[in-house]
Amino acid sequence: MEETIPVVDLDDLRREGGADRAADALNEAFGQYGLVYVRNHGIEVERLERFYDRWVELTERAADEKRSWARPDVWYQRGWTPPNTEQAVVAGGQPDFKECYFVAPLELDERCRLMFPEIYAENSWPENAGDWREDYLALGTAVHEVGMDLLRACAKALDLPETTFSEATKGGPHVTRALRYLALDESQVGTDIVWGEEHTDFNLLTLLPGGRFYDPAGKRCERPDPEAGLYLRARATDEHPKGRMVHGRPPAGCLVAQVGQQLEILTGGRYQATPHVITPPKQPAYTRTALAHFIHLHSERRLFPHEKFLSEETILAYGPPVLAGTYGLKTLVDIGLAPKDALNKLGYHHYDRLADARS
Ligand SMILES: [Fe+2]
């Protein structure tokens, strides 16, 4: 039933009379599925192809070199994330079958860097990677702009001032992630091992410009199994009280945009953060690359339903308010990347100071 997920055409945002059509598509897509397909997004396909080719080459380098790109000092928020590093919060300890590389493509807020040094860390890069750095930054920036267009369109679709969401992201800790989902062996196929366990993204909006499958010989191939890939859990209905699982298969050339927890909170649940899972093919030894860009609120923004969506119900569902930076920090603790004591340091400097003074 994936054909029921609406497509939004970015050209409609600029076309006379197109805005209403885009608003209807966004409200239906983000309201019911938490996901929309985006047409005419303008992302350069050739650059994306070159980026993926290099990323595959990088993932195949020697283990020692790859380990040198890992940044446990910044909680893996930059550089290489080895397999089995992070866990979905509700996954019961099942780690994802993937390796990743994190880069922040935009300029970072200096004040936030003082408060959240790991989340606002400088980029680090592999050596001898050709155009990869330039391609990575260009793709991250271009996909971010698509996200800004969508956020402005979302605000209009919800009858809010156009810049309500986009302004709140300025200087935020946006990151782009290259992913490679790993090959399963014979014994792992058909088990409960998945490429990405079911979760909701903790940021504002996620953009996915489309990944690639590779056959056991490492060559690009079509989707090896029609059932493999992204499934999302649609909003619960009387008929499907736990939400129907819907296979996300974007039309050719479309990008996917997903609602994250921050956008659900700001809209008091009008838009739904999509629970989603990435299932591997039923044949062993296939892999997949993907690119994901995560747009965040600026870390000093308050996470609470917009006034327009405030009610007893939404206050109970989303209160009390918390800062986006604090929220992000707790999530990194929950998914096993940041140490638990990172939360104890949030603004509570007086205990240590007094203890020092008395010692
Ligand atoms: Fe996700």
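Two residues are in contact here if their C-beta atoms, placed from the backbone, lie within 7 Å. Hi everyone, let's keep that in mind for helix 10. This is a predicted model, so local features need pLDDT of at least 70, side-chain atom pairs count only at pLDDT 80 or more, and totals for chains, interfaces and linings use all residues. Residues are numbered from 1 along each chain as its sequence is written.

Helices (H or I, at least four residues) and strands (E, at least two) are DSSP runs, numbered from the N terminus. In helix 10, residues 324-334, the buried residues are Ala324, Gly325, Tyr327, Gly328, Leu329 and Leu332. Buried means that 20 or more other C-beta atoms lie within 10 Å of a residue's own; exposed means 12 or fewer, partly exposed is in between, and C-beta atoms are placed from the backbone. Those buried residues of helix 10 pack against helix 5 (110-115), helix 8 (261-266), strand 15 (302-303) and strand 16 (322-323). Just after helix 10 comes glycine 336, with a positive phi of about 85°.

Now to a helix pair. The axes of helix 3 (residues 45-59) and helix 6 (residues 132-157) come within 10 Å and cross at roughly 130°. Axes are lines fitted to C-alpha atoms, for helices over the stretch in contact, and angles run from 0 to 180 degrees between N-to-C directions. Helix 3 and helix 6 are therefore oblique to each other: under 35 degrees counts as roughly parallel, over 145 as roughly antiparallel, 65 to 115 as roughly perpendicular, and the rest as oblique. On the helix 3 side we have Arg47, Leu48, Arg50, Phe51 and Arg54, which meet Trp132, Asp135, Tyr136, Ala138 and Leu139 in helix 6. By class, that contact has 6 nonpolar, no polar and 4 charged residues. Nonpolar covers Ala, Val, Leu, Ile, Met, Phe, Trp, Tyr, Cys and Pro, charged covers Asp, Glu, Lys and Arg, and the others, Gly among them, are polar.

Four strands form an open sheet in the order 6-13-10-11, with antiparallel pairing; two strands pair if DSSP finds at least two bridges between them. At the edges are strand 6 (196-199) and strand 11 (245-247), each pairing on one side only. Strand 10 (residues 229-233) pairs with strand 11 over 3 bridges, and leucine 232 has valine 246 as its bridge partner.

Which residue is 242 residues from valine 246 in sequence and 9.3 Å from it in space? Threonine 4, C-alpha to C-alpha. Threonine 4 lies in the segment before strand 1 (7-9) and is exposed, with 12 other C-beta atoms within 10 Å.
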